[in-house]
Amino acid sequence: MAQAYMTEAGNGGSEPEPSGSPFRRRLAELKRDRGIWRRGLVLTGFAALLSLIMIFHADLPNDVGNLGSLTETFLPWLGLAVPVLLVAAVIRKSATALIAILLTAAVWVNLFGGLVTDKSGSGGNLTVATHNVDADNTDPRGTAESIGRSGADILALTELKGDAVPVYEKALAGTYKYHSVEGTVGLWSKFPLTASQPVDIRMGWTRAMRATVATPHGQVATFVAHLPSVRVKLNAGFTANQRDNSADALGAALAAEPLKKVLLLGDLNGTMNDRALSEVTSQMRSTQGAAGDGFGFSWPAQFPMARIDQIMVRGIKPEASWTLPRTGSDHLPVAARLTLKP
C-alpha cells in the first residue's frame, strides 16, 4: 500500500516537467499555449497589407494624388516596418503574425535584395557622372572642383544658374576641353562634342539637351535632362503631372534617336520604380540597377532616401555605378563606369 501511495503521489495526475535546455522548455510552453495562433491578428493584417502593396504596387491608382507614384518613389523603405513588426510579434507571442511578417520579409528580399549587394565589375572604358548642382549652391567653384576630380570622361550638370555658369566653365576648363550649355543643363567632355541642341520636354524653357560625343570607341548620343520637380501636398497629394508629361516627351526623343549607343544623364525627379517614367525606363537600362553598389540613393544629400539622379544606357554595357562625395548641393553626384564596344 505504501508503495502504491508513493507512486501515485509521484505522478500527481499531471504531466512531467520538461527537461533539457531553456529553449526546449520554452518550446514546450509554447506548444501548450493554444492562443499563440489567435493573438496578433492586427499585426498579421498589417504585414499582409505591406506584402500586397509591394507585390501589386503597379496597380495602385494614380488618379487620386498620384498615390501610386508616391508609393513607388519610397517603396524600398517599406522594408523598415519588418523588424518593427517582428519585435511586436515576439512580444505578442503570435505565431500567426510571425509567419505573416516572415512572408513580408521574403517579398521585400525578392524585390530589392539584388540591390543590396555590390554588382560592380572591374571592366569599362568610359566613366560618366551627373550632378544636380543646385541653383542655390553657395559654393559652385568648390562643387565644380569636387566633381572635376571624379575621373569622369563625360560630365552632365543640371540646375545651372545663369550667373554661375562661368564659374563652372572656368573651374572645369582644365579637365574638360569640350563643353556645351543649353538653358539650365550642360555637358562637359574630354572628347569632341557635336550636334548639341535643346530637347523640348514641354516645359516652356530649356531643361534638356542632346549632343553627340565622339569617343575613341564610337559616337554616343548623350542626353542631359532635368525633369520638373514634384511636391507632396496635403491638399493635392503627389503633384507630378508636369513631370510625367515631360517624361513622356523625353521618352519620345529617346525613341527617335538614330544612334545605337545612347546615354541619358540627369535628375529625373523619379525612381526606376515609378511607373510614370515608363516611357523612359522601358527603353533604357539603369546603371545602378545593373551594376550598382547598394541602392545608390542620391537625394536629399544630408540623408539620401531616393535615387532620383539617374544614369541610363542603351547599347552600352554598365560595369559599375556609385555615388560621389557630397558637394554644396542638396543632391549627391552619381557616376558609372561603362564599356563601349566598337
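Predicted model: local features only at pLDDT ≥ 70, side-chain atom pairs only at ≥ 80, totals over all residues.
Buried, in this talk, means under 20% relative accessible area. Keep that cut-off in mind.

Start with strand E2, residues 154-158. Five of its five residues are buried. Which way do they point? Ile154, Ala156 and Thr158 point one way from E2, and Leu155 and Leu157 point the other way. Residues on both sides are buried.

Now the neighbour. Strand E1, residues 126-132, is joined to E2 by five bridges. The two run parallel.

E13 pairs with strand E14, residues 334-339, in the antiparallel sense. Six bridges hold that pairing in the assignment. Lysine 317, for one, has threonine 339 in E14 as its bridge partner.

Between E13 and E14 there is a loop, and threonine 327 is found there. Is threonine 327 buried or exposed? Threonine 327 has 12% relative accessibility, so the residue counts as buried. Here histidine 131 returns. The side chains of threonine 327 and histidine 131 are joined by a polar contact of 2.8 Å. Leave aside neighbours within four places in sequence, and threonine 327 is in contact with His131, Thr143, Ser146, Ile147 and Pro333.

Aspartate 274 lies between strand E10 (262-267) and helix H10 (278-281). Its relative accessible area is 1%, so aspartate 274 is buried. What does the side chain reach? The backbone nitrogen of alanine 276, at 3.0 Å.

On to strand E6, residues 208-215. Seven of its eight residues are buried. E6 pairs with strand E5, residues 193-198, in the antiparallel sense over four bridges. There, threonine 194 has threonine 212 of E6 as its bridge partner. E6 also pairs with strand E7, residues 218-226. That pairing is antiparallel too, over eight bridges. Methionine 209 stands opposite valine 224 in E7. How many residues does the hairpin from E6 to E7 go through? Two.

Last stop: helix H3, residues 41-55. A quick check on geometry. At 1.5 Å a residue, its 15 residues should span 21 Å. The end C-alpha atoms are 21 Å apart, so the span agrees.

Which residues of H3 are buried? Leu43, Thr44, Ala47, Leu50, Ser51 and Met54. They cover an arc of only 125° around the axis, which puts them on the same side of H3. Why does such spacing give one face? An α-helix has 3.6 residues a turn, so residues three or four places apart point the same way. On the other side of H3, Leu41 and Val42 are exposed. And what does the buried side meet? The buried residues pack against helix H5 (81-92) and helix H6 (95-116).

How values were computed: Residues numbered from 1 in each chain as written. Heavy atoms only, no water. Expected span 1.5 Å × (residues − 1). Buried < 20%, exposed > 50% of the residue type's maximum accessible area, 1.4 Å probe, protein only. Arc of directions from axis to C-beta. Contact = heavy atoms within 4.5 Å. Polar contact = N/O pair within 3.5 Å; in protein donor to acceptor, adjacent residues only side chain to side chain. Pairing = 2+ DSSP bridges.
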